[in-house]
Structures are given as C-alpha cells and as structure tokens.
Amino acid sequence: FESTARPEDLIEEDKTPLEAGQFALYFQTVPGRTYDIQSCATLNGEWSMAKTVIAATTQKRVALSRPAEKAFYRVATRP
C-alpha cells in the first residue's frame, strides 16, 4: 500500500470524492491486472474478500467502508 495518492497515475474514477464513512487504500499496480482486496479483524483470523478491482494505470485507489473496529488489509493478484 502507498500512503498517498499519485494523481497523475490515477484514472478519473479514482479521483472522485469519497462518500461519508469511506476511506481509501492506494497501491501500485500493473495495468490490466486484477487484484483482490482482502480484510481481516485479526492477523490470525480468517481473511474475507472486500473488493476485486482491475487496474488501468500504475496506481489504484480502492474506496472501502470504514470498519467498526480495527482491520488489516492485503492485496492479492490473480494469475
């Protein structure tokens, strides 16, 4: 994950304002690749699918709903 957006590397869809109760994750991508964003309440818990996205540029923003408590996130690439 990256701590800040790189506006020149985002598509217009990824530059829109977030809705109330959302936060953004930014990560480096390879255009055309599919990525699964997974979340988990504890590192030794069960991971669940949060969202699947396809990258169009070298950075992707994923807007997610804020969790009720802490959460961990990871990105998995699909073959």
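Helices (H or I, at least four residues) and strands (E, at least two) are DSSP runs, numbered from the N terminus. In those terms Glu2 lies in the segment before β1 (22-28).

The model is a predicted one, in which local features need pLDDT of at least 70 and side-chain atom pairs count only at pLDDT 80 or more, while totals for chains, interfaces and linings use all residues. Residues are numbered from 1 along each chain as its sequence is written, and side-chain values use heavy atoms, with hydrogens and water left out.

**Overall form**

The protein chain has five strands and zero helices. Read from the N terminus, its elements follow the order β-β-β-β-β. The radius of gyration of the protein chain is 13 Å, close to the 12 Å from the globule rule for 79 residues, so the chain is as compact as a globular protein of that length. That radius is taken over C-alpha atoms, and the globule rule is 2.2 Å times the number of residues to the power 0.38. Along the principal axes, the C-alpha atoms of the protein chain fill a box of roughly 35 × 35 × 20 Å.

Of the 79 residues in the protein chain, 29% are buried. Buried means under 20% relative accessible area, exposed means over 50%, and partly exposed is in between (1.4 Å probe, protein chains only). The accessible surface of the protein chain is about 5200 Å², and carbon and sulfur atoms account for 51% of that area. These areas come from the Shrake-Rupley method with a 1.4 Å probe; for residues, only the protein chains shown count as cover.

Contact means heavy atoms within 4.5 Å. Among contacts in the protein chain between residues at least 6 apart in sequence, 69% join residues at least 24 apart. The chain carries 10 positive and 10 negative charges, whose mean positions are 3 Å apart. Lys and Arg count as positive and Asp and Glu as negative, without His and the chain ends; each charge is placed at NZ of Lys, CZ of Arg, CG of Asp or CD of Glu.

**Strand β2**

Strand β2 covers residues 34-40, and seven of its seven residues are buried. Burial applies to both faces: Thr34, Asp36, Gln38 and Cys40 are on one side, with Tyr35, Ile37 and Ser39 on the other.

Two strands pair if DSSP finds at least two bridges between them. β2 runs antiparallel to strand β3 (residues 48-54), and six bridges join them. In this pairing Ile37 stands opposite Lys51. β2 also pairs with strand β5 (residues 72-77), again in the antiparallel sense and over six bridges. Here Ser39 stands opposite Tyr73.

**Selected residues outside the strands**

Ala55 sits in the loop between β3 and β4 (59-65). Its relative accessibility is 5%, so Ala55 counts as buried. Apart from neighbours within four places in sequence, Ala55 is in contact with Thr29, Val30, Pro31, Gly32, Arg33 and Tyr35.

Glu2 has a relative accessibility of 22% and therefore counts as partly exposed. With neighbours within four places in sequence left aside, Glu2 touches Tyr26, Phe27, Gln28 and Gln59 by the contact criterion.

Glu19 is also in the segment before β1. Glu19 is exposed, because its relative accessible area is 59%.

Asp9 is likewise located in the segment before β1. Beyond neighbours within four places in sequence, the contacts of Asp9 are Thr57, Thr58 and Gln59.

The table gives separations for pairs that include these residues.

| Pair | Separation in sequence | C-alpha to C-alpha distance |
|---|---|---|
| Ala55 and Tyr35 | 20 residues | 7.7 Å |
| Glu19 and Ala63 | 44 residues | 8.7 Å |
| Glu2 and Leu43 | 41 residues | 20 Å |
| Asp9 and Cys40 | 31 residues | 28 Å |
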